[in-house]
Amino acid sequence: MRTIVTIPLILALNPHGIGYGALAVMIGAGIGESAGYLYMLWRYLTRDKRLLIQVTPVSGVIARASGTIRDLVEVALPTTITNLCGIVAYAAEPVIIYIAFAHVGIARTQATALYGSFGMAAELLFLPTVLSSSISSVVIPAVSEAAAMQNERLVSRRLNQVIQATFMIALPSTVFFILSGHDLAHSLYKDHLAGSLLAYLAPTCVFIYILDPLSAILQGLNKALLSTVVTMFTSCIRMLCIYYFVGQAGQGIFGVATSIAISGIVATFLSLYFLRELVSMSINFLGLAKLVIATGLAAVPIHEIQSAFAAVSPLLQVTASLVLGSVVYLLAILYLRVLPIRTIHSIPWVGPTIARLLLHMPFVS
């Protein structure tokens, strides 16, 4: 909905000035969020309407109200503080960047162009976080339920599932961005610097993608305050690194990328440290090793396509690499028993059809 609304609005308003173009983006974002809210409300009313008309004694409501409000505040307050810190940090980040660029003699217009290229690379880099964010939204109630039952083994199992699911997304994304990042940015944005920044940041995909699920696990364990501490601490580290690497070390826009990478790595290790203090972690290294093997197998056709299609259009290279690499990766994780057929079967709408097709392949069932 956001895309459908935003693109026509930009085409209509952008001729009046860049300010109107930015306004079109914000209007589209607002309509997209409103559409999401209305859809969730409609699903709730049509599917769980009985919860709205259930008769509950007033005494029972009053008895539970104080405990429910306390539980909500314990989670909502640290989460709100975390979001506010993130907003302040992202608002302050361009200011620090401009100050650092000015320190090395780069004009504001040139700095804006460089920061724009970084923004293009970041949009592509963070695109797979749509999936990791979905994992986060699912893991919070799952971990909360396990913690409420005081089942530490189940919490550890949920943690392993989250790590493996995130690695299943992060590892192939890392390889794809390293090998095809330049062509991807060039085909979409016609910007070579964005491609270089994307390939430069690609090795940190694992840390960036796993951070949201780890924060969700902390929230599920009712330790959202620890997630807030991690966010505040790493935001300060990111600001200091930006000023140092851009303004002092002279790395330019790659200094911004280095700062983002460092803050993401530090945040991930801090979250893992806090989780180790809260629950016993027994990571399934065999499953992770299988994912590494599957990613390595998928990298072979991607690399060969990059070499064989060097003279053709970047868009064709990217498309062929993405399709063939995804097919090889999917087959590899199936044959290595990382992804069971029953998991594919549970995908809405298309899952049963894909599962039936895969069952006709030898040695898959």
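# Briefing on local contacts and exposure

Serine 196 touches His182 and Phe254 when residues up to four places away in sequence are not counted, contact meaning heavy atoms within 4.5 Å. The model is predicted, so local features need pLDDT of at least 70 and side-chain atom pairs count only at pLDDT 80 or more, while totals for chains, interfaces and linings use all residues. Residues are numbered from 1 along each chain as its sequence is written, and side-chain values use heavy atoms, with hydrogens and water left out.

- Serine 196 is found in helix 8, where helices (H or I, at least four residues) and strands (E, at least two) are DSSP runs numbered from the N terminus.
- With a relative accessible area of 26%, serine 196 is partly exposed; buried means under 20% relative accessible area, exposed over 50%, and partly exposed in between (1.4 Å probe, protein chains only).
- Between serine 196 and histidine 186, which are ten residues apart in sequence, the C-alpha to C-alpha distance is 10.0 Å.
- Threonine 204 has its place in the loop between helix 8 (192-201) and helix 9 (205-220), and it counts as buried because its relative accessibility is 10%.
- Once its neighbours within four places in sequence are left aside, threonine 204 is in contact with Ala261 and Ile265.

**Salt bridge and charges over rings**

- The count comes to one salt bridge under the rule that a side-chain nitrogen of Lys or Arg lies within 4 Å of a carboxyl oxygen of Asp or Glu.
- Arginine 238 forms a salt bridge with glutamate 93, and the closest N and O atoms are 3.1 Å apart.
- Because arginine 238 lies in helix 10 (residues 224-248) and glutamate 93 in helix 4 (residues 58-103), the pair ties together parts that are 145 residues apart in sequence.
- Both arginine 238 and glutamate 93 are buried.
- The charged end of arginine 238 also sits over the ring of tyrosine 90, 5.3 Å from its centre, the criterion being that NZ of Lys or CZ of Arg is within 6 Å of the ring centre and within 35 degrees of the ring normal.
- Arginine 108 has its charged end over the ring of tyrosine 98, at 4.7 Å from the ring centre.

**Aromatic pairs**

- A pair of aromatic rings is described by the distance of the centres and the angle of the planes.
- A search of the whole structure finds seven aromatic pairs, where rings of Phe, Tyr and Trp (its six-membered ring) pair if their centres lie within 6.5 Å, and planes under 30 degrees apart count as stacked, over 60 as edge-to-face and the rest as tilted.
- One of them joins tyrosine 39 and tryptophan 42 in a tilted arrangement, with 6.0 Å centre to centre and 40° between the planes.
- Tyrosine 39 and tryptophan 42 are separated by about one helical turn because they are three residues apart in helix 2, and tryptophan 42 is partly exposed, with a relative accessible area of 47%.
- Tyrosine 244 and phenylalanine 245 form an edge-to-face pair, with 5.2 Å centre to centre and 75° between the planes.
- In this pair, tyrosine 244 counts as partly exposed at 46% relative accessibility, whereas phenylalanine 245 counts as buried at 15%.

- Met1, Tyr20, Leu23, Ile27 and Ile31 make a nonpolar surface patch of about 460 Å², patches being made of residues with over 30% relative accessible area and no salt bridge, in which like charges are joined within 9 Å and nonpolar side chains (Val, Leu, Ile, Met, Phe, Trp, Tyr) within 5 Å.
- Accessible areas come from the Shrake-Rupley method with a 1.4 Å probe, and for residues only the protein chains shown count as cover.
- Leucine 23 has its place in helix 2 (residues 18-47) and counts as partly exposed at 43% relative accessibility.
- Glycine 36 also lies in helix 2 and is partly exposed, with a relative accessible area of 31%.

**Positive phi outside glycine**

- Glutamine 150, a residue other than glycine, has a positive phi near 55°; it lies in the loop between helix 6 (129-148) and helix 7 (152-189) and counts as exposed at 73% relative accessibility.
- Arginine 337 is not a glycine, yet its phi is positive at about 65°; this residue lies in the loop between helix 13 (314-335) and helix 14 (341-345) and is partly exposed, with a relative accessible area of 49%.
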